[in-house]
Amino acid sequence: MVDLHEAARKVLRTVRPHIGEGKVATYIPALGEVDPKQFGFAVASVDGDVYGVGDQDVRFSLQSISKVFTLALVLSHDDEAIWKRVHREPSGSAFNSLFQLEFEKGIPRNPFINAGAIVVTDQLLADTGDALGSLRGLLRAETGNPDLHVDSVTAASESETGHRNRALAHLMADFGNMLNPVEHALDHYFRQCSITISAQELARAGLLLARHGLRADGSRLLTPKDARRIVSLMLTCGPYDAAGEFAYRIGLPCKSGVGGGILAVVPDRCAAVAWGPGLDEHGNSVTAALALDTFDSLTGWSIF
Ligand code: DON
């Protein structure tokens with residue numbers, strides 16, 4: 001029997017000497033303002049208990065971790081059409097790379113790189129009329145926190161500097177792979193990335209996948225098959241061009257974001273979230289990766 005509270009404390013003990021390592025993302029200027037000397041870790045078990053340590057209650061920028069939940073929402077609309085618009089292979093290149101997209105005729109490699117996530121948001125916008133509202137509603141319900149919101153300063157900062165995302169979206173539009181006007185889809189994408197959430201809240205939301213698609217209120221959002229598919233994509237594509245290294249080192253399906261958060265899912269057991277703003281060269285948090293590596297060693301819950 002694993003004592004999750006003790007495991008969380010040991011994770012903090014291991015990570016503490018490393019807090020502040022890595023570089024905060026500066027290509028989105030608002031993220032560059034975040035104090036790097038923070039670290040939070042939280043584990044939510046499938047029976048609903050949450051164990052957290054450090055800055056577990058401090059809200060950080062969700063960034064690319066939002067992509068897991070927008071994909072879940074699209075699949076919940078029984079929208080298999082999405083798989084004609086985005087592939088399911090690891091990219092092996094940076095999350096905002098342009099050259100692969102041109103070479104592959106505007107069909108992104110997977111739903112977690114920026115181009116793929118923009119397509120998913122575009123599809124959710126077409127399906128619901130309000131992609132951001134659908135995502136925010138889902139996260140509010142799953143975290144139990146009705147005040148979860150978009151940080152408007154970060155969203156504005158993303159939009160002002162989002163030239164590369166605009167280039168990706170326009171390239172896809174040129175190949176006929178956008179349903180909505182580029183600026184409209186990007187507005188939802190920038191704001192979904194700018195939702196702020198704490199490690200404890202995000203761990204609760206991650207239970208959706210640990211419970212194979214069941215929501216906090218017991219209703220079903222996803223079929224077990226779609227939940228499993230999302231988790232498999234987290235393993236193969238979640239940490240971008242470091243997905244192989246993460247699978248080797250941590251052995252858990254993960255999704256990272258440039259806000260410094262990483263969500264890991266252990267099906268049937270828990271969702272774990274580690275957060276530290278300092279990133280490595282792939283855009284993954286240094287301390288969050290160390291935390292999950294330690295958590296995996298303590299619990300033996302690697303899926304391999
Ligand atoms: O679009 C972007 O570049 C950011 N809003 C999200 C990128 C991200 O989080 C990549 N994660 N490691």
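Biologist: What makes Arg166 count as buried or exposed?

Modeller: This is a predicted model, to begin with. The relative accessible area of Arg166 is 18%. Buried means under 20%, so Arg166 is buried.

Biologist: Why is the contact between Glu183 and Arg166 called a salt bridge?

Modeller: The closest N and O atoms are 2.6 Å apart. The cut-off is within 4 Å, for a side-chain nitrogen of Lys or Arg and a carboxyl oxygen of Asp or Glu. The pair therefore qualifies as a salt bridge. It links distant parts of the chain: Glu183 sits in helix α9 (residues 182-193) and Arg166 in helix α8 (residues 163-174), 17 residues apart.

Biologist: What is Glu183: buried, partly exposed or exposed?

Modeller: Glu183 has a relative accessible area of 42%.

Biologist: How many salt bridges does a search of the whole structure find?

Modeller: The search finds 12. Among them is the one between the side chains of Glu80 and Arg229, at 3.5 Å from N to O. Glu80 is in the loop between α2 (66-76) and α3 (82-85), while Arg229 is in helix α11 (residues 224-237). They are 149 residues apart.

Biologist: Which residue forms a salt bridge with Arg229 at 2.9 Å?

Modeller: Asp226 does, with the closest N and O atoms 2.9 Å apart. Asp226 and Arg229 both lie in helix α11, 3 residues apart. That is about one turn of the helix. An α-helix has 3.6 residues a turn, so residues three or four places apart point the same way.

Biologist: Is Asp226 buried or exposed?

Modeller: Its relative accessible area is 7%. That is under 20%, so Asp226 is buried.

Biologist: Which residues are linked in a network of salt bridges?

Modeller: Glu6, Arg9 and Arg13 are.

Biologist: Which residues are the closest to the ligand?

Modeller: Tyr27, Gln63, Ser64, Tyr189 and Val258 are the closest of the 15 residues that surround it. By class, the shell has 7 nonpolar, 7 polar and 1 charged residues.

Biologist: What makes strand β1 mostly covered?

Modeller: In β1 (residues 40-45), 6 of its 6 residues are buried. Gly40, Ala42 and Ala44 point one way, and Phe41, Val43 and Ser45 the other. In a regular strand the side chains alternate between the two faces of the sheet.

Biologist: How do you know that β1 pairs with β2?

Modeller: Pairing takes at least two bridges. β1 and β2 (residues 50-54) are joined by 5 bridges, so they pair, and they run antiparallel. Phe41 stands opposite Val53 in β2. The two strands form a hairpin with 4 residues between them. In that turn, Gly48 has a positive phi of about 105 degrees.

Biologist: Which strand pairs with β1 over 6 bridges?

Modeller: Strand β7 (residues 270-275), also in the antiparallel sense. There, Gly40 stands opposite Trp275.

Biologist: Why is α2 called largely enclosed?

Modeller: Because 10 of its 11 residues are buried. They include Val68, Phe69 and Leu71. Just after α2, Asp78 takes a positive phi of about 60 degrees.

Biologist: What about Gln38: buried or exposed?

Modeller: Gln38 has a relative accessible area of 16%. That is under 20%, so Gln38 is buried. Gln38 lies in the loop between α1 (4-15) and β1. A polar atom of its side chain lies 2.9 Å from the backbone oxygen of Asp35.

Conventions:
Residues numbered from 1 in each chain as written. Predicted model: local features only at pLDDT ≥ 70, side-chain atom pairs only at ≥ 80, totals over all residues. Heavy atoms only, no water. Buried < 20%, exposed > 50% of the residue type's maximum accessible area, 1.4 Å probe, protein only. Near = heavy atom within 4 Å. Nonpolar A, V, L, I, M, F, W, Y, C, P; charged D, E, K, R; others polar. Polar contact = N/O pair within 3.5 Å; in protein donor to acceptor, adjacent residues only side chain to side chain.
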